[in-house]
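Subject: Structure handover

Hi,

Here is the structure I promised to pass on.

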Amino acid sequence: MAEIHTPYASLKKLLSLLNGFVAMSGIILVGLGIGGKCGGASLTSVLGLSSAYLLHVGNLCLVMGCVTVLLSCAGWYGVTKESRGMLLFCILSMVIVLIVEVTAATVVLLFFPIVRDVVLEHTFVTLRNNYRGYNEPDDYSTQWNLVMEKRLSKYFFSSL
């Protein structure tokens, strides 16, 4: 038997699709968080302990991704069971998460030039203190030389 096409059925499908997109964005955030946590060791070894606060961004991505996936599952459950309370909870929670994300992005963009200058200055000081030379066997010099060789080869081959 054919399914009845009513505006209510279309709304259910639309909400299910929206919750699917929200779940995918949460999974992407979780992936970014895991990548930030796994790649943080090499970042800290090159830039020094001053960059350890950048690892908190990985934690934030993990938490926000998990919350987003859970809220999308709650929204999907509310759609399938036609629970108004669950849908209201899901929508209000998503609005709160959206407000937090917009506020965080605004703060980051507002203070980005200041933070960039401070981080660059601290990175240059750390580089001056720890870099020993091109052929030195220590980890810091070896990793910095690797980074610079990659950048130099990329610049050299792109200009040809």
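**The second largest pocket**

Let me start with the second largest pocket, which has a volume of about 290 Å³. Its lining is made up of 18 residues, and those lying nearest the centre are Leu-18, Asn-19, Val-22, Cys-90 and Met-94. Which elements give two or more residues to that lining? They are α1 (7–38), α3 (55–81) and α4. Helix α4 provides the largest share, with 8 residues. Sorted by class, the lining has 12 nonpolar residues, 5 polar ones and 1 charged one.

Before you set anything up with this, please keep in mind that the model is a predicted one.

**The overall layout**

Stepping back to the chain as a whole, it has 160 residues, and 22% of them count as buried. It contains 5 helices and 0 strands, so if you walk along the sequence you read α-α-α-α-α.

**A nonpolar patch on the surface**

Next, something on the outside. Val-107, Leu-110, Phe-111, Ile-114, Val-115 and Val-118 form a nonpolar patch on the surface. Together these residues have about 560 Å² of accessible area. One of them, Ile-114, sits in helix α4, which spans residues 84–130. Is Ile-114 buried or exposed? Its relative accessibility is 53%, and because the cut-off for exposed is over 50%, Ile-114 counts as exposed.

**The salt bridge**

How many salt bridges does the structure hold? There is 1. Lys-12 forms it with Glu-82, and their closest N and O atoms are 3.1 Å apart. Lys-12 belongs to helix α1, while Glu-82 is in the loop between α3 and α4, so the pair ties together parts that are 70 residues apart in sequence.

Lys-12 counts as partly exposed because its relative accessibility is 26%. For Glu-82 the value is 46%, so that residue is partly exposed as well.

For context, most residues other than glycine have a negative phi. You will find Glu-82 in the loop between α3 and α4.

**Some C-alpha distances**

- Leu-17 and Trp-76 are 59 residues apart in sequence, with 9.0 Å between their C-alpha atoms. Leu-17 is in helix α1, and at 49% relative accessibility Leu-17 counts as partly exposed.
- Lys-37 and Cys-61 are 24 residues apart along the chain, and their C-alpha atoms are separated by 9.8 Å. Lys-37 is also placed in helix α1, and with a relative accessibility of 39% Lys-37 is partly exposed.
- Leu-146 and Tyr-134 are 12 residues apart in sequence and 10.0 Å apart in space, C-alpha to C-alpha. Leu-146 is found in helix α5, residues 139–159, and it counts as partly exposed at 44% relative accessibility.

**In brief**

Cheers

Methods
Residues numbered from 1 in each chain as written. Predicted model: local features only at pLDDT ≥ 70, side-chain atom pairs only at ≥ 80, totals over all residues. Heavy atoms only, no water. Patch = residues over 30% accessible without salt bridge, like charges linked within 9 Å, V, L, I, M, F, W, Y side chains within 5 Å. Areas by Shrake-Rupley, 256 points an atom, 1.4 Å probe, with all protein chains shown as cover. Salt bridge = Lys/Arg side-chain N within 4 Å of Asp/Glu carboxyl O. Helix = DSSP H or I, 4+ residues; strand = E, 2+ residues; numbered from the N terminus. Buried < 20%, exposed > 50% of the residue type's maximum accessible area, 1.4 Å probe, protein only. 1 Å grid on protein atoms, 1.4 Å probe; cavity = no way out; pocket = protein on both sides within 12 Å on 5 of 7 lines; lining within 4 Å. Points joined across faces, edges and corners; volume = space filled by probe spheres on them. Nonpolar A, V, L, I, M, F, W, Y, C, P; charged D, E, K, R; others polar.
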